[in-house]
Amino acid sequence: MNQAPFWRLLHALVTDRFVWFLAVGLLLFGLDHWRQDRDDYHILVDLPLLEKLAAQWQGQTQRLPDANELDALVEGHVREEILVREARRLSLHKDDVIIRRRLAQKYEFLLADADVPTEPDADALGAFFEANRARYRLPETFSFNHVFFDNENEAGAAVTQLNGDETDWQSLGLPFMLNRTYRKVTGERLAAEMGDAFVVALRGVPEARWSGPVLSVFGAHAVKLEEHNAGGDVALDDVAPRVVRDWQMYQQTAARDKGMNELRAKYKVELAPIDKLP
Amino acid sequence: MAKRKLHAYVLSLVFLSFLALLPTTIPTMADPAERQAYYGETHVHTKLSFDAFIFGNRNGPDEAYRFAKGEKIFHPAGFEMKLRVPLDFQAVTDHAMYLGMVPAMFDTTTAVSKHPVATGLREAETPSARRLAFASMMPYLGQIVEDDLLDMDIVRSAWQEIIAAADRHNDPGQFTAFTGYEYTSSQNNFENLHRNVVFADGAPDEPFSRLISMNPENLWRWMDSLREQGMDSISIPHNSNGSDGFMFSNQTYDGQPITQSYTDLRMRNEPIVEVTQVKGTSETHPLLSPRDEFAAFEIMPYQIATWNASSLNGSYVREAYLRGLALQRAGAGNPYKFGLIGASDTHVGAGAFDENNYWSKIGIVDASGKLRGSVALTWVERLRNQISRLVSNYYVSGMPTVANTGLPPANPAPRYNHQQWSTWGASGLAGVWAEENTRTSIFAALRRKETFATSGPRMRVRFFGGYGFGDDIFSQADMVTKAYARGVPMGGDLASRGAQSPEFLVWVTRDPASNALQRAQIVKGWIDADGNTQEAVFDVACAGGAAVNAETQRCPENNAAVDVATCATQADTGADELRAVWRDPTYVAGESAAYYARALENPTCRWSSWDALRAGSSPNPTLPATIQERVWSSPIWLEN
């Protein structure tokens, strides 16, 4: 009857399921805290770890560590583990430019690796080729032999001689630093090596007979043009391996971009009003 | 019946063993006279190098190879970068992977170096303080290395990315892509010992980094062990100019005397050296070669990533050749018998080789003329610079770091920015004489040192040493065949013939898109009768066919000049081609010597003058206004 309010309160608490819920929760929390505390300051050196350290060592030095080296590796690992944990407690990894960079790079690799088919079927390859035809257009190329002279007169005489008899063209002329025979050299490269004027002149030279003198930055040349290909469109069969490589590269880029766009869509980027740039 | 079977078996075995011999005989069938000059470079950083990423580079290995093949890519500052002519070969050489953060921390120009952990690392002076500081960095390394190992199977690593890009872009006959990386080692105090490791074909699971060992001798031992497993590689040192004398030291890394076994180890792994690149040219220095009036060429005076002067002795290749001869005479063998190449060391995935199309190498911090110190600042910019300089000097001088990195010197031209990169330049290229454009052929050329370096333009040089070339050899169409038959090409050893003076054949052609040639030279280093090392530079062919003055060993003045206001050039003479057969007039029977060829263009505007011209600024008077672009051959060693 005279029960003090204290006992009434206790009774009420003991019979209240919510209080029991809180008490058990606190107990579990405490236990977990104790366990985590114990684990946080517990470093296990087991066989898988040793194997991992030895494999890392072997990867870089091409041999397995001896006993002393393994000891040093373990000691290094333990020290590192302690420092990593302490650093994390201080949140030193937050906003670290190196760590951010590495995490972003790894995620980007993941995006590019996601479900990318490795071999295209014929339709996909054909469509990719059609869409990128311009990239596979052939450059202008030349195939020719030439004999080099330091003056136009001798070059002209050589043209006459070579068209007139069976003289071995290789025995004529001066030594030449660059090639004496060019096969399918691009006009761009030829212009870089011999000068623009040489390429322009070569376009006007008839095929399959000696012509000249054709002038380069170095001197005068007797030239026998074997083939001039103005370049242009190409059939898929002629460049298939290259198209496959590009297609594979494109798949990775596309997967990365698609993944990035999907992620981006989840985020709202807010621009704070800025009066003027710093 | 059984006997016959046995016979057939033995016969087929004999036949098969002959087959096994075949591959070794095929390469010798290739005619060396068919070798052509291929151009490339072996020093390219992409976004996978941590320091490059921090400076804004977002180009990866794929972009770097596409650039080399002639496509345009973009600079972090937004402008297009495109080569005048595509390269024939290239190696992407990022700092060894996730460990790339280490050089970034040592490099005081980077943001990461301002991190307390990084400054601690640089400030440590005693070995124990150093260890402590290093330990403080471990959490960062640990985080990354550990994660890498955990995720190796699900995430591609940067190293795999690099190998895959090289394999994808390697196109035998058209373009050669090598796998490589930079081993970014140093002595204790920023004495640059950086090397690029380039693999002939294939690549190991992991690169050997400075965290395994800072001692390059251990890198070479690792390369030896890979070679025993059939994977060949070479390491190519660079920026000896910033090594404070350690790159071509007279001692080993640990301060021991050099021995024959050190020499063998080094020469197995380091047949060539990168003599020129963005951060200066390391051929020689005016104070080392006072009688070479062309020695003051693209000198970069600092230790890498510091403001400290780099010691001259031991930092330049010409002196290294002399040291090598002296070590050989002392019985230690010649550890400095290396050939020469050039490369860019770009950190934006794209080398800048042309003076009139230059973007330096780092990224956003050296992207414009004003940042590079070639274009005058406005007074507002100058004021802002002065203030930030005072503040940062005040801040920096309070830190022990200064003992290691030094403070910027007083700005010699206050109207202009003054940074380390103000002393850099548009250089350089590697040339190799190879049978074909494949990994096998170009790697073999690098190994046998049949290589040359240019300061950017595509000059070509042939250089042979031998006996009895004949003065009319240049009028013979099969001259190259004869030169190979009668002598050795650049990079080779020429056996001495006692009293008979050796002959050298030099042949240089110009780059049609650059300036005409002024002179071809031969540089000789030798040991005289008193045992002292000597060097001399001989002009051997002059533009306009002029004769060399026998007294001065120089070509006559050709009045070559540049109008810096317009960059127009003029000269009395200029050659498309220079050639000479030269007999050494100073040869003394029995001497050992090294000879290399050098050829100079007539002067043109330097990048800094082009920057100023385009911006309408007056040029920075403390930077050279003009440049004589040049080519260097690998040496030929006269052996007794």
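These notebook entries record what I looked up in the structure, chain by chain. I note at the outset that this is a predicted model.

**Entry: domains of chain A**

I began with the division of chain A, which has domain 1 at 5-40 and domain 2 at 138-229. I then looked up the separation of their centres, taken over C-alpha atoms, and found 97 Å.

**Entry: the sheet of chain A**

I traced an open sheet of 4 strands in chain A, in the order S2-S1-S4-S3 and with antiparallel pairing. Strands S2 (181-186) and S3 (210-215) of chain A have a single partner strand each and stand at the edges, so one side of each lacks a neighbour in the sheet. On average, and with direction ignored, neighbouring strands of this sheet are turned by 40° against each other.

I next followed the pairing of S1 (residues 141-149) with S4 (residues 220-229) in chain A, where 9 bridges join the two antiparallel strands. As one point of reference, I noted that A:Val147 in this pairing has A:Ala222 in S4(A) as its bridge partner.

Helix H7 (residues 152-164) of chain A packs on this sheet and touches S1, S3 and S4 of chain A. The direction of H7(A) makes about 170° with that of S3(A). I found that H9(A) also lies across S1, S3 and S4 of chain A, and that H9(A) runs at about 155° to S3(A).

**Entry: two helix contacts in chain A**

I examined helix H8 (residues 187-194) and helix H9 (residues 196-203) of chain A, whose axes are 6 Å apart and which pack at an angle of about 130°. This angle makes H8(A) oblique to H9(A). From H8(A), the residues A:Gly187, A:Leu190, A:Ala191 and A:Met194 meet A:Asp196, A:Phe198 and A:Val199 of H9(A). Sorted by class, the contact has 5 nonpolar, 1 polar and 1 charged residues.

I then turned to helix H6 (residues 122-131) and helix H10 (residues 236-266) of chain A, whose axes come within 10 Å and cross at roughly 95°. H6(A) and H10(A) are therefore roughly perpendicular to each other. On the H6(A) side I listed A:Leu125, A:Gly126, A:Phe128 and A:Phe129, which meet A:Leu236, A:Val243, A:Val244, A:Trp247 and A:Tyr250 in H10(A). This contact has 8 nonpolar residues, 1 polar residue and no charged residues.

**Entry: chain B as a whole**

Of its 640 residues, 52% are buried. Among contacts between residues at least 6 apart in the sequence of chain B, 73% join residues at least 24 apart.

**Entry: domains of chain B**

Chain B is divided into domain 1 (35-99 + 158-366) and domain 2 (458-639). Their centres, taken over C-alpha atoms, are separated by 24 Å. I found that the contact takes 22 residues from domain 1 of chain B and 25 residues from domain 2 of chain B. On the domain 1 side, S1, helix H10 (317-329) and strand S10 (339-342) of chain B each supply at least two residues. The largest share of that side, 7 residues, comes from H10(B). By class, the residues of that side divide into 11 nonpolar, 4 polar and 7 charged.

**Entry: a buried helix in chain B**

I looked up helix H3 (residues 61-68) of chain B and found 7 of its 8 residues buried, so H3(B) is largely enclosed by the rest of the structure. The buried residues are B:Pro61, B:Asp62, B:Glu63, B:Ala64, B:Tyr65, B:Phe67 and B:Ala68. Their cover includes strand S1 (36-44), strand S4 (89-95) and helix H7 (158-169) of chain B. After H3(B) comes B:Gly70, with a positive phi near 110°.

- Strand S17 (residues 517-527) of chain B runs antiparallel to S22(B) and is joined to it by 9 bridges; B:Lys524 has B:Tyr595 as its bridge partner in S22(B).
- Strand S26 (residues 636-639) of chain B is joined to S22(B) by 3 bridges, also antiparallel; B:Ile636 in S26(B) stands opposite B:Tyr595.
- Strand S25 (residues 630-633) of chain B pairs with S22(B) in the antiparallel sense over 3 bridges; B:Trp632 in S25(B) is the bridge partner of B:Arg598.

Technical notes:
Residues numbered from 1 in each chain as written. Chains lettered and ligands numbered in written order. Predicted model: local features only at pLDDT ≥ 70, side-chain atom pairs only at ≥ 80, totals over all residues. Domains from an automatic or database assignment. Axes fitted to C-alpha atoms, helices over the stretch in contact; angles between N-to-C directions. Parallel < 35°, antiparallel > 145°, perpendicular 65-115°, else oblique. Contact = placed C-beta atoms within 7 Å. Nonpolar A, V, L, I, M, F, W, Y, C, P; charged D, E, K, R; others polar. Pairing = 2+ DSSP bridges. Buried ≥ 20, exposed ≤ 12 C-beta atoms within 10 Å, placed from the backbone.
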